[in-house]
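Dear colleague,

I am handing over the structure that we talked about, and below it you will find my notes on what was found. Please read them with the model open beside you.

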Amino acid sequence: MSLLWGLLAGFIASKIMGEKSGTLKNMILGVLGSVVGHFLFKLIGFTATGWIGSLIVPVVGACICIWLGRKLF
C-alpha cells in the first residue's frame, strides 16, 4: 500500500513541478519524498492526519526532492 501512495505522491509532485519522468522515477521520488516530507514536517512541529494529510506530506517532500535534483544536476 505504501508503494501505491509513493507512486501517487511522485506522480502528483512531477505534475506540479513539470517533471517528465517514468513510473519508476515517480515511485522513487514518492518514497524518498515521504521520508523527506515527514522529517521536515516533524522538524517544524506539524503532523499529518487522515488520508489527505498522508498524501500531502510526501507530495511536498517529493517536490523538494525534484527541486534539489534540478539544483544539483
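In which helix does N26 lie? N26 lies in helix 2, where helices are DSSP runs (H or I, at least four residues; strands would be E runs of at least two), numbered from the N terminus.

Before going further, please keep in mind that this is a predicted model, in which local features need pLDDT of at least 70 and side-chain atom pairs count only at pLDDT 80 or more, while totals for chains, interfaces and linings use all residues. Residues are numbered from 1 along each chain as its sequence is written, and side-chain values use heavy atoms, with hydrogens and water left out.

**N26 and S14**

N26 has a relative accessible area of 5% and is therefore buried, a word that stands for under 20% relative accessible area, with exposed meaning over 50% and partly exposed in between (1.4 Å probe, protein chains only). Not counting residues up to four places away in sequence, N26 touches G6, L7, G10, F11, S14 and S21, and contact here means heavy atoms within 4.5 Å. One of these partners, S14, is found in helix 1, which covers residues 2-17. S14 counts as buried because its relative accessibility is 2%, and, leaving aside neighbours within four places in sequence, S14 is in contact with E19, S21, N26 and I66.

**Helix 1 against helix 2**

The axes of helix 1 and helix 2 come within 7 Å and cross at roughly 100 degrees; axes are lines fitted to C-alpha atoms, for helices over the stretch in contact, and angles run from 0 to 180 degrees between N-to-C directions. From helix 1 the contact uses L3, G6, L7, A9, G10, F11 and S14, and from helix 2 it uses T23, N26, M27, G30 and V31. Sorted by class, this contact of helix 1 with helix 2 has six nonpolar, six polar and no charged residues, where Ala, Val, Leu, Ile, Met, Phe, Trp, Tyr, Cys and Pro count as nonpolar, Asp, Glu, Lys and Arg as charged, and the others, Gly among them, as polar.

**Helix 2 against helix 3**

Helix 2 (residues 23-44) and helix 3 (residues 50-72) have axes that come within 6 Å and cross at roughly 105 degrees, which means that helix 2 is roughly perpendicular to helix 3. By class, their contact has 12 nonpolar, six polar and no charged residues. Among the residues that meet there are L29, G33 and F41 in helix 2 and V57, G61 and I66 in helix 3.

Helix 2 has 22 residues and reaches 31 Å from its first C-alpha to its last, close to the 32 Å expected at 1.5 Å a residue, the expected span being 1.5 Å times one less than the number of residues. The buried residues of helix 2 are N26, L29, G30, G33 and G37, and what covers them includes helix 1 and helix 3.

Helix 3 has 23 residues and reaches 33 Å, close to the 33 Å expected. The buried residues of helix 3 pack against helix 1 and helix 2, and V59 in helix 3 is buried because its relative accessibility is 9%. Leaving aside neighbours within four places in sequence, V59 is in contact with A9, I12, A13 and I16. V59 and S14 are 45 residues apart in sequence, yet their C-alpha atoms are 9.0 Å apart in space.

**The aromatic pair**

How many aromatic pairs does a search of the whole structure find? The search finds one, where rings of Phe, Tyr and Trp (its six-membered ring) pair if their centres lie within 6.5 Å, and planes under 30 degrees apart count as stacked, over 60 as edge-to-face and the rest as tilted. The rings of F41 and F46 have centres 6.4 Å apart and planes at 55 degrees, so the pair is tilted. F41 is partly exposed, at 21% relative accessible area, whereas F46, at 53%, counts as exposed. F46 has its place in the loop between helix 2 and helix 3, and helix 2 is followed by G45, whose phi is positive, near 95 degrees.

Technical notes
Parallel < 35°, antiparallel > 145°, perpendicular 65-115°, else oblique.
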